[in-house]
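Please look through the sequence and the 3D structure below before reading on.

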Amino acid sequence: MKIVIIGSKGQLGSELKKALNRHETIPIDHDIIEVSDRNSCNIIQEKKPDIVINTAAYHKTDACEDNPKEAFSINAIGAKNITDICKKIGATSVYISTDYVFDGTKNTPYTETDTPNPINTYGISKLAGEQYTRLAEKHYIIRTSSLFGINPPRGKGSNFIDTIIKKAQEEKEIKVVEDIITSPTYAKDAADMIKTILENQLPYGTYHITNSSYCSWHQFAKSIIEKTNLNTNIKATKAEKNTTGTKRPTFSALKSTSLEKHNLKMRHWKDALNDYLEEKNQKKTP
Ligand SMILES: NC(=O)c1ccc[n+]([C@@H]2O[C@H](COP(=O)([O-])OP(=O)(O)OC[C@H]3O[C@@H](n4cnc5c(N)ncnc54)[C@H](OP(=O)(O)O)[C@@H]3O)[C@@H](O)[C@H]2O)c1
């Protein structure tokens, strides 16, 4: 298959490039495409791909609140521009979305059939991107959450694990919120599952792709410290004390009934964390 990967230098895009290496992958990066500009997206058409995976996003949650126009241009109009071209050339449009399309009030993991109700600009703009992508019959919406990958998120600079390790090397105590629950996800595992969906031509539609189970950021940080040689106290704190004014879903763990139907399952986030630390050479020797 001929697969265009938009944002191939990003945290997830770089893993997709590796996972899909037995196909003809065509990386298209920000220096040659601006997804919010319809004309610049014409380059996709010239490559005649079978599949276009769009990982580009404006995903700094606080910045989205301050710059809603930019958030919508990239996350929503960008998805429309790419999907319009996919429809024109008969390619499959793959849009990477987020747990932030949910409001976080369900208190058990969200499945693909739950109704989105985003509570911040990032989530609203990503849901709009999903809806534009659904206008193509041949589409996949991949919702993931709290990614960690060997290549750091380009929009943010460092993933949570690396941030905790760096802080732990500098400070004796770190405060981490215990009342926000998420499904940490290894970018490599997410890329492998996307490959499985594409290669097996699973039915078009929406898929939740996260490592299995969930935890608070505090539990996640404690696991990181336990698995490394670092000696820092991870103190639980409450989200309202760290507020920047932007609303965030308090419980946004995801689970997939769509994958279950095909007997597919992602491994536990703790196993994925082990592999990530091994790959980064940060794991404590027993
Ligand atoms: N990171 C998370 O925890 C997380 C959680 C849930 C969902 N997601 C979703 O997962 C996807 C991938 O996230 P990620 O962590 O891999 O992000 P990332 O590392 O920031 O990668 C995004 C890539 O897209 C490119 N890009 C950004 N804006 C663009 C634009 N306007 N036009 C063309 N290319 C553009 C970036 O290039 P430059 O860096 O050169 O600008 C970068 O290569 C996003 O759609 C995000 O919404 C992420």
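The sections below describe a predicted model, part by part.

## Basis of the report

The model is predicted, so local features need pLDDT of at least 70 and side-chain atom pairs count only at pLDDT 80 or more, while totals for chains, interfaces and linings use all residues. Residues are numbered from 1 along each chain as its sequence is written, and side-chain values use heavy atoms, with hydrogens and water left out.

## Helix H6

Helix H6 spans residues 160-170, and its buried residues are Ile161, Asp162, Ile164, Ile165 and Ala168. Buried means under 20% relative accessible area and exposed over 50%, with partly exposed in between (1.4 Å probe, protein chains only). Helices (H or I, at least four residues) and strands (E, at least two) are DSSP runs, numbered from the N terminus.

## Gln11

Gln11 belongs to helix H1, residues 11-19, and it counts as buried at 7% relative accessibility. Leaving aside residues up to four places away in sequence, Gln11 touches several residues, including Leu147, Phe148 and Asn159; contact means heavy atoms within 4.5 Å.

## Cysteines

The structure holds 0 disulfides, a disulfide being a pair of cysteine sulfur atoms within 2.5 Å. The sulfur of Cys64 is 18 Å from the closest cysteine sulfur, in Cys41, which is too far for a bond.
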